[in-house]
Amino acid sequence: MPSMTMIEAIRSAMDIMLERDNRTVIYGEDVGYFGGVFRCTAGLQEKYGQERVFDTPINESAIVGMAIGMAAHGMRPCVEMQFADYMFPAFDQISQEAARIRHRSNGDFTCPIVIRMPTGGGIFGGQTHSQSPEALFTHVAGLKVVQPSNPYDAKGLLISAMEDTDPVIFLEPKRLYNGPFGGDHSGQAIGWKQHPKGKAPAGHYRVPLGKANISRPGNDVTVLAYGTMVHVAEAAVKACGIDAEIIDLRTLLPLDLETIVTSVKKTGRCVVLHEATRTSGFGAELIAEVQEACFYHLEAPIVRVTGWDAPYPHAQEWDYFPGPERVTKALQQTLEA
Amino acid sequence: MTQTAKLSFPHPPSRPGVTPDFSYLKIPKAGTLAVPDVKMSVEDAAPYAHGLIRVLDGKGKAVGPWAKYLGDTGSAEILRRGLRDMLMMRAIDKRLQIAQRQGKTSFYIQCTGEEAIGCGFARMLSKGDMNFPTYRQQSLLVGSDYPLELMIGQVYSNSMDPLKGRQLPVLHSSREYGYFTVSGNLGTQYVQAVGWAMAAALMKDDGIAAGWIGDGATASNDFHGALLTASVYKPPVILNVVNNQWAISSCTGFAGGGKATYAERGLGYGIPSIRVDGNDYLAVLAASKWAIDRARGGDGPILIEWLTYRAAAHSSSDDPSVYRSKREAAAWPLGDPVERLKTHLILKDAWSQERHVQAEAEVLDEVRTVQKEVESHGTFVDPRPMPPADILRDVYAEMPEHLRRQRQQMGS
């Protein structure tokens with residue numbers, strides 16, 4: 001299997017879908033000729049022409065609104081928000097339109113669109129290039145919300161998303177675009193080549209939506225994470241030697257509760273991680289579901305490690321980011337309780 | 001130095017007890033504008049964006065180049081059908097508004113005074129074209145011969161409702177009849193129409209899209225997003241602005257700002273734009289035919305401002321007598337679309353007062369009969385509950401596990 005960065009994996013998925021399904025169109029700001037500010041669509045316009053892959057004006061609401069109209073007519077748009085932080089002008093189109101077209105029309109119209117967006121921090125992007133707005137999407141009935149943590153999953157999940165008949169929010173952790181994250185930002189950057197999940201088939205394959213992956217089996221505590229935080233969890237567990245079971249959720253909505261519940265019933269302990277702010281974050285939902293299903297199996301309160309409830313700072317990024325030290329502390333706290 | 005800047009606040013044509021004043025509108029005589037080539041460029045569109053395409057003069061006579069352009073499309077037979085469409089629309093609105101007052105449904109929106117626009121435009125469309133309407137475009141459905149029982153069933157939210165009670169009354173949806181599911185929030189459909197039209201061009205089918213928006217909602221971001229993207233990609237889309245002078249209680253000045261017409265906003269985006277007397281059924285037919293031919297011919301987007309007046313309340317929840325004079329509708333300079341077409345047909349000896357009264361009675365009877373049948377399936381005062389589990393269907397193509405659990409909790 002060829003090695004791929006996350007960017008190459010995402011590009012490969014779109015390349016394959018453009019090739020296989022002539023209803024596929026790909027567009028967004030700087031997506032066409034230039035190939036995207038993160039290069040995810042590089043070369044695709046050249047290969048498929050500007051009727052399939054094109055640039056748009058800087059208007060996120062129009063980008064999504066057009067996709068809704070195209071999809072209703074039978075096309076399969078996969079659009080890019082340049083940063084997840086830029087999706088807010090499109091939130092009306094996403095939450096009140098895309099998510100509800102099927103339901104409100106009793107299935108007469110559908111909305112098979114994918115909205116890709118780079119999410120999370122770790123690149124000194126400041127408050128408008130670092131946010132993790134996943135909980136805003138998981139709060140919307142009718143959307144599917146996906147966040148891969150590695151190239152293999154990214155490609156397989158994006159293909160599944162593009163083949164799905166419902167609107168999918170596809171969150172791409174930008175810290176992972178070019179390499180896995182060891183949790184130590186000051187250490188040497190490592191590439192995906194050395195990572196087992198940095199290899200993916202060149203052709204078409206699917207990673208199903210709605211299925212979590214146990215990225216590290218263990219017995220003492222269950223860690224629920226997604227995106228960059230999967231790597232932080234792995235680094236923390238490696239450093240402190242705790243036998244944690246790390247679950248990479250991969251799809252947040254619909255959630256693979258079965259995998260989570262089975263694990264927590266086994267370990268009796270649970271730590272929830274996300275980069276987004278704490279209050280009303282997706283972690284709150286995870287904790288609510290886990291306690292409801294596993295209360296009598298729990299040996300300790302469920303703990304969450306998240307970004308602080310403040311705007312994402314620029315210079316103090318790593319004081320904000322929930323790094324391995326904070327995760328380790330939470331794991332120890334849970335085990336000692 | 002003292003500050004001399006003063007803010008301006010738009011004035012409505014009237015307030016309760018105040019004599020209506022529509023002098024802010026300059027109404028040109030009928031028949032003065034020529035029919036431009038369908039390939040008209042934005043540079044040549046200024047007179048059409050600033051002026052007003054009108055066919056019927058004050059006496060009800062069809063005059064000028066647009067009357068000639070209509071040709072057979074303006075035949076007595078077609079116009080009588082148009083009149084019947086408008087009478088039907090008015091009868092539906094009347095009966096359903098009463099039904100709302102009787103508590104049989106929760107909500108209703110009438111389109112009184114604006115019937116000509118949708119009734120006429122829809123008659124010029126072809127199968128496969130798609131409207132992206134607001135909540136006040138039900139006249140498009142009447143002009144598309146949408147089955148009355150579906151239209152009324154939707155408003156009663158009973159088992160006859162094609163949308164299973166999920167949507168507020170009047171937020172219809174029908175792919176078959178070219179009526180995109182109406183949202184209920186404002187402006188979003190406008191840019192979706194552009195997307196549909198782009199798909200039509202990319203898929204190389206023959207269809208066009210028609211976006212609809214009220215003057216009030218031209219203030220929304222998506223209005224500008226739609227004009228922008230339409231001007232960039234030039235898909236076969238007609239962007240309709242129904243300027244009915246009121247956005248609930250706010251007069252059109254709050255969206256219109258200065259003296260420019262809504263059509264002139266289109267010019268700023270490089271989109272050829274025309275302004276049409278929306279209460280003149282013949283002008284509606286002529287302008288619709290022209291614009292649809294243009295869009296289908298691949299000459300890019302076009303904006304149409306339909307000048308009209310919202311004669312009824314905003315909705316069944318609204319009482320306009322608290323913010324505007326009751327005499328405003330009568331003072332509206334473009335009159336009533338039904339009366340104007342009726343006068344024209346009588347003038348042509350193609351209609352009579354007797355036939356009109358008879359036609360009114362016929363459509364009312366037709367609506368009543370269907371209404372009665374639909375009501376037998378349940379109303380808000382005589383509810384026939386629908387399965388609650390339907391709420392959870394169609395949220396996704398396949399019901400995910402968490403919705404299955406919720407369905408169990410629901411007990412159904």
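Predicted model: local features only at pLDDT ≥ 70, side-chain atom pairs only at ≥ 80, totals over all residues.
**View 1. Chain A meets chain B.** In this view, 39 residues of chain A are in contact with 44 residues of chain B. Together the two chains bury about 3500 Å² between them, and carbon and sulfur atoms give 59% of that area.

**View 2. The salt bridge between the chains.** Counting between chain A and chain B gives 1 salt bridge. Its partners are Glu51(A) and Lys204(B), whose closest N and O atoms are 3.7 Å apart.

View 3. Four elements of chain A each supply at least two residues of the side that touches chain B: strand S2 (53–55), helix H3 (60–72), helix H4 (91–97) and helix H5 (101–104). The largest share comes from H3(A), with 8 residues. By class, the side of chain A that touches chain B has 17 nonpolar, 13 polar and 9 charged residues.

**View 4. The second largest pocket.** This pocket holds about 560 Å³ of space. Its lining is made of 22 residues, and nearest its centre you will find Tyr24(B), Leu25(B), Gly258(B), Lys259(B) and Ala260(B). Sorted by class, the lining has 8 nonpolar, 10 polar and 4 charged residues.

How values were computed
Residues numbered from 1 in each chain as written. Chains lettered and ligands numbered in written order. Heavy atoms only, no water. Contact = heavy atoms within 4.5 Å. Buried area = accessible area lost by both parts, 1.4 Å probe. Salt bridge = Lys/Arg side-chain N within 4 Å of Asp/Glu carboxyl O. Nonpolar A, V, L, I, M, F, W, Y, C, P; charged D, E, K, R; others polar. 1 Å grid on protein atoms, 1.4 Å probe; cavity = no way out; pocket = protein on both sides within 12 Å on 5 of 7 lines; lining within 4 Å. Points joined across faces, edges and corners; volume = space filled by probe spheres on them.
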